[in-house]
Amino acid sequence: MVPIVEAVNVKKTYMLGKVPVEALRGVDLKVETGDFVSILGPSGSGKSTMLNLIGALDKPTAGTLLIDGVDISKLNDNQLADLRRRIGFVFQFFNLIPRLTARDNVELSMSISDTGRAQRRKRAEELLETVGLKDRINHKPAELSGGQQQRVAIARALANNPRFLLLDEPTGNIDSKTASEVIRLIKKLNVENNVSIIMVTHDQHLAREAKRTAQMFDGQIISEVVNQE
Amino acid sequence: MKTIDIFGYAFSAIKLRKLRAALTILGVVIGIAAIVALLSITQGLQASITNQLQQGLSTNTLIVTPGVSALGQATSGSGGGAGGRGINLGGSSTSNSGFNLYVNYTDQINALSPDIEGSFAVIQRSGYVEAGGVNRSVTIYGVDFNQYAKQYSKTFVAASGTIPLNPADSETVVGTRVNNPGQNGTLLFSAGDNIGIVWSNATTLPVVNETYTAQVSAVLQKIGGFGIGGPSDTGVYIPLSKAESFFGTDQCDMIIVQLKSSDNATITNVSKAITDYFGGQVSVISSTAVLSLLSTVFSTVQLFLGGIAAISLLVAGIGIMNIMIVSLIERTREIGILKALGMKSRTVLTIFLGESVIIGLIGAVIGIVLGWILASVTARVLASGAFGGGGFRITPLLTPEVVLGALAFGVGVSVIFALYPAWRASKLKPVEALRYE
């Protein structure tokens, strides 16, 4: 199977005003299907940039980055958008659409990828049941707790059967008790449903929940360790 | 993303900010309502004037007047257009060029073309009648009662009394507003009564008021509106021979020519024959020319009024643009989310344009209904005579063209002004949009 992510000497330089900032200075990373990798690093280490690149939200300045076997630097905006439909993004701040109910939020990602109404309705309900929110289907984000919102976001990310879930500080904005519930859900998805997961975080304890941890510092991956169960 | 889903999403965004959406829509409503109201009133006015003209001016009739007028030129096809003189139809004016029409020219006109059925002269003066101690301004027409009644068989009809076909010089026929000015049943006089007919003779100084007493043989039935050359509600009709002696002239103000056919070729040929015969010193007006001039005038008026109303819609458009830009800024993060979920730029564009289409459509529909109500109310106020003049009846016309045009214009303006904000929304970079607080 094609690796879901394959980065070779990836560089990314931003212009901060007139000053070039080297956010990534040659990153190598390979993530296989079924893996659960955490990318760990302090702020300023380049992990957010890495997240944007793996999420096909941005393109590298140099190097090769294959997402699901596709070199993203060769894609135009439309093709990048298409690629993003195969990636399940979960954000630190949930990023649900406030005016839509839990179900409509989950349905939204499916309606973006042209799924029919009846089918996406059914799947949204199934997914919300999977993440344990069957009784919160018609609630809007404001009526849900942080943990519940994050579970809606995970359901939304799973809706299009993505090649992998991309988590950005998934527990960064929820209390520790609900955080452990969310982590349990993520691990369950990885183990039982064989969902590949890439998680970006600055939290060492959280990073250790993954099968592997890639430690970033100053725009490079300085170490990769396999975590003990 | 499917079109229905795009519109559903756009609608959910509008619903979220109801007051803001309502105010934006209100702008469109006002613009469209103004356009629809103005257009349906002017179109109704045009229809009612055209209708009344057609009643007063049969299509197989030409009116020959001395002098050159815009209409005459248009009819005779000699070019030039509006010479700034307008329609020379009334009063005791003689032509500027010194050319005059005479009563006995009818014989010569009759001989000009086999298409001419006959012709008769009209002498016309402003004057007034004295009856029951009241002076009432009227137009005095000297006509051949027999020919006039034949030509205007629908309007030169007695409501009371009888129109004498071979009248004595002292007989007269009057329009209904002459003896019943308020149209409220208070009669100044009735058929059979004597009235004084007065004409201020200003051909020599000092001005002399010439008066004679006439017997009213008949009062005409209500004609309404106005007819060029035809009978009018404020007209006083006296025999042509009496007019010649009373006004001291055998010059006439118009000669009405009846044609055997009303087709355009006949009208054009006879008009040209008459114009040529009098060396271009007369205007020949046909009903078709009057109607086409009228239609030109009304088109201009409509364009002008519609243009003014359109400005208010333009203001609404700027409002839409303003609100869309605010909305775009507020929803920057949302757009980032949508793009991160795989939405394409053109779908973002379509969502924003979809919102403007919904706003424009709702605004246009409400505007059309409101405009129609406004026009109906205005017409009713005019008809009730609240602004004097005894009331003028207009039935506002709402043609399918106006409805469709208003819809298209409302939606079009909304979409055009939404283009820029929509384009900006679609161009947002997902990374930056997601970072936006």
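This is a predicted model: local features need pLDDT of at least 70, side-chain atom pairs count only at pLDDT 80 or more; totals for chains, interfaces and linings use all residues.

Asp68(A) has a phi near 50 degrees, a positive value in a residue other than glycine. That's worth a look because most residues other than glycine have a negative phi. Is Asp68(A) exposed, partly exposed or buried? Partly exposed, with 18 other C-beta atoms within 10 Å.

**Stop 1: another positive phi**

Now jump to Asn194(A), in the loop between H6 and strand S8 (196–201) of chain A. Asn194(A) isn't a glycine either, yet its phi is positive, about 55 degrees. Asn194(A) is exposed, with 9 other C-beta atoms within 10 Å.

**Stop 2**

**Stop 3: H5 and H6 of chain A**

Select residues 146–158 for helix H5 of chain A and residues 176–192 for helix H6 of chain A. Their axes are 9 Å apart and the packing angle is about 20 degrees, so H5(A) runs roughly parallel to H6(A). The way H5(A) passes H6(A) is a right-handed crossing.

To see who meets whom, show these side chains:

- From H5(A): Gly146(A), Gly147(A), Gln150(A), Arg151(A) and Ile154(A).
- From H6(A): Thr178(A), Glu181(A), Val182(A) and Leu185(A).

By class, the contact of H5(A) with H6(A) is made of three nonpolar, four polar and two charged residues.

**Stop 4: helix H3 of chain A**

Next, select 102–112, which is helix H3 of chain A. How many of the residues of H3(A) are buried? The count is 11 of its 11 residues, so the helix is mostly covered. Among the buried residues are Val106(A), Leu108(A) and Ile112(A), along with Arg103(A), Asp104(A) and Glu107(A). What do the buried residues of H3(A) pack against? Helix H4 (117–130) and H5 of chain A, together with helix H1 (3–16) of chain B. Following H3(A) you'll come to Asp114(A), whose phi is positive, near 65 degrees.

In the contact of H3(A) with H4(A), six residues are nonpolar, one is polar and six are charged.

**Stop 5: where chain A touches chain B**

Show both chains now. Here 21 residues of chain A are in contact with 16 residues of chain B. Which elements give two or more residues to the chain A side? They are helix H2 (77–84) and helix H3 (102–112) of chain A. H2(A) has the largest share, five residues. The chain A side divides into seven nonpolar, seven polar and seven charged residues.

**Stop 6: over to chain B**

Chain B has 13 helices and 12 strands, and 45% of its 437 residues count as buried. Take contacts in chain B between residues at least 6 apart in sequence: 81% of them join residues at least 24 apart.

Finish with two helices: H9 (residues 287–330) and H12 (residues 400–427) of chain B. Their axes come within 9 Å and cross at roughly 30 degrees, so H9(B) and H12(B) are roughly parallel to each other. H9(B) passes H12(B) in a right-handed crossing. On the H9(B) side, look for residues including Leu313(B), Ile320(B), Met324(B) and Leu328(B); on the H12(B) side, Phe409(B), Phe417(B), Tyr420(B) and Arg424(B) are among them. By class, this contact has 17 nonpolar, two polar and one charged residues.

Notes. Residues are numbered from 1 along each chain as its sequence is written. Chains are lettered from A and ligands numbered from 1 in the order in which they are written. Axes are lines fitted to C-alpha atoms, for helices over the stretch in contact, and angles run from 0 to 180 degrees between N-to-C directions. Helices (H or I, at least four residues) and strands (E, at least two) are DSSP runs, numbered from the N terminus. Angles under 35 degrees count as roughly parallel, over 145 as roughly antiparallel, 65 to 115 as roughly perpendicular and the rest as oblique. A crossing is left-handed if the near helix is turned anticlockwise from the far one by less than a right angle, and right-handed if clockwise. Two residues are in contact if their C-beta atoms, placed from the backbone, lie within 7 Å. Ala, Val, Leu, Ile, Met, Phe, Trp, Tyr, Cys and Pro count as nonpolar, Asp, Glu, Lys and Arg as charged, and the others, Gly among them, as polar. A residue is buried if 20 or more other C-beta atoms lie within 10 Å of its own, exposed if 12 or fewer, and partly exposed in between; C-beta atoms are placed from the backbone.
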